[in-house]
Amino acid sequence: MIKAIDILRMVVIVVLMMTTLLYVDTRWTAHDMFIYQGIAILFIIGTVVHIIQKQKLRITVVDAVVTLWFIYYVFRAWLGNEWPCRMEFLKTAGLYVLYFMLRLLLDRTELSSKYLIFIITVCGSIEAMLGIGQFCVNTSNNLPFQHFGSFLNPGPYSAYLMLGIVLCIAAMNNFQGKVKIFMTILLFLMAIVLPVTFSRAAFLGLGVFLLLLYKNKYWRYRYILLLSLFVGCTAIYFLKQGSANGRIIIWEVSLSSWLSHPLFGVGIGGFFNTFAEGMVCRTGSMVSVYSVDVPVSTFNIAVKILLEQGIIGFIFALLTVSTVMVGLFENNRPLFYGLLSLLIFSMFSYPFELLPYNVILAIIVAWNESTSGKLITEFGTVRYLLPVCVCASASWYMGALIGKCHKADNLLKNSVGKSIAELQEITNSIVNLESDNATFLFDYGTMLRKTGRYQDSNAILRMGTRCSADPMFYILIGNNYKDMKWYELAEQSYNKAFAVMPNRLYPLYRLMLLYKDNGRKKEAIKMAKRVIDMNPKIIPQQHLI
């Protein structure tokens, strides 16, 4: 018989999982604010539950390691760090607070993990149906992506389907009768959609899981299987070789830059500027950079942690992951396989930079630690009431701050058709909240340029270079210098833009025009020949100025 408190716990899990099906954006959405402010309420519920049941809060090894890692993260974000990282910091802090809340709420739960697996699988099938619906609606449209569910593209969408498939297969024997038939139907829905996403990271995560699960059935043929897998992986690599090579270059540049800051890293939010400067250092080398493009992420969670947090943060990450995975392997094999597939996926993509996967990660780890974590100590009600109140207050404050950021984002989206004066008034009022929003800073710098405020435009654009590796910031800075007749500085900016992304033709084109307009005919002709002979990487037209 399920207790009333466990029913409450299941309701909380269902509500949190439903938020993972809502629209996902790279910035803030309304449900981000809902989750963070809802956490504060859940803290109160969890505390009341513990007081009523007269229970002590159990602190496990994972709790301690995660807390120490978060303390170091806060230190690295606030002390000696010059990079804008408001959004990244809030999301990471929210993940920790959510985990703490779930530990408080789920502590000593007697519910089987099959309920959690069932909920995640149902959510995965809902995402699959969203993808099927998008395919049916968009078959006549020339869209770049047709299957992306509630995400922005098929990459992170495929990870959700992969996780559902892995959990469904791994836990299938835990279900009986009609429930097992229902789970089989859900598995089929997700399985028919996953291949059309063509996500190599998802295929790899699923493949590793299947190899581990069915090891005893193929072991005598393992060499033939490994050879077949090698051939298959090679074929997949060449099918999307440009994308793979681009990510390899991102990893190489990031690791090379990390060597200059091995202990503490470059700081939270420092990846983009560090990558740009790292690319500048590679200019003139014999290594081809044709495949690289402006990165939206490191596409590898381990590289990101090592670069931004240094070896200290990386050690904390290894301790956390190893402790969590050992606990899951010993106590809950299906959840172990599910989290393992996500970790493999995160080595080639950015799932843990998105809210849905942070929610799922917090739920899985908190569930396992609440049921079978290795105990260190116990806290009585009075001793843990203070940190609970602090975390609840922090969560409520984060929700309010996210609400302001979300409002600022909406002001930008709803500003189409407004006059320059109205746009300036809007942007001036929100620039502090958008200091890590590269799109906003680029548009704001462009607007200031149109009004002739070249110096102010360059000040904003330089802010953009601290949170983006897009060479167009340097192009626009060069255009401003050119219009101010500071030709030497304009030339330096165009050269910097080309050094940041040497597969782009546009910086050379701007240099050619600069030389032509400045009467430097020989240099203009020489640059024109470089433009003609170059084989550039094609970029979307809207990024040109």
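**Labels and their grounds**

Author: Helix H3 (61–78) and helix H13 (301–331) each supply at least two residues of a nonpolar patch; helices are DSSP runs of H or I with at least four residues, numbered from the N terminus. This is a predicted model, in which local features need pLDDT of at least 70 and side-chain atom pairs count only at pLDDT 80 or more, while totals for chains, interfaces and linings use all residues. Residues are numbered from 1 along each chain as its sequence is written, and side-chain values use heavy atoms, with hydrogens and water left out.

Reader: Which residues make the nonpolar surface patch?

Author: Phe 75, Trp 78, Leu 79, Leu 263, Phe 264, Ile 311, Ile 315 and Leu 319 make a patch of about 760 Å². Patch residues have over 30% relative accessible area and no salt bridge, and nonpolar side chains (Val, Leu, Ile, Met, Phe, Trp, Tyr) are joined within 5 Å. H13 gives the largest share, 3 residues.

Reader: Why is Phe 75 called partly exposed?

Author: Buried means under 20% relative accessible area, exposed over 50%, and partly exposed in between (1.4 Å probe, protein chains only). Phe 75 has 37%, so the residue is partly exposed. Phe 75 is found in helix H3.

Reader: What makes Glu 491 and Arg 520 a salt bridge?

Author: A salt bridge is a side-chain nitrogen of Lys or Arg within 4 Å of a carboxyl oxygen of Asp or Glu. The N to O distance for Glu 491 and Arg 520 is 3.4 Å, so the pair meets the rule. The pair links distant parts of the chain, with Glu 491 in helix H21 and Arg 520 in the loop between H22 and helix H23 (521–533), 29 residues apart.

Reader: How many salt bridges does the rule give?

Author: The count comes to 14. Among them is the one between Arg 103 and Asp 107, at 3.4 Å, N to O. Arg 103 and Asp 107 are both buried.

Reader: How do you know that Cys 467 is in no disulfide?

Author: A search of the whole structure finds 0 disulfides, a disulfide being a pair of cysteine sulfur atoms within 2.5 Å. For Cys 467 the nearest cysteine sulfur, that of Cys 85, is 11 Å away, so Cys 467 is in no disulfide. Cys 467 is buried, because its relative accessible area is 9%.

Key
Patches are made of residues with over 30% relative accessible area and no salt bridge: like charges are joined within 9 Å, nonpolar side chains (Val, Leu, Ile, Met, Phe, Trp, Tyr) within 5 Å. Accessible areas come from the Shrake-Rupley method with a 1.4 Å probe; for residues, only the protein chains shown count as cover.
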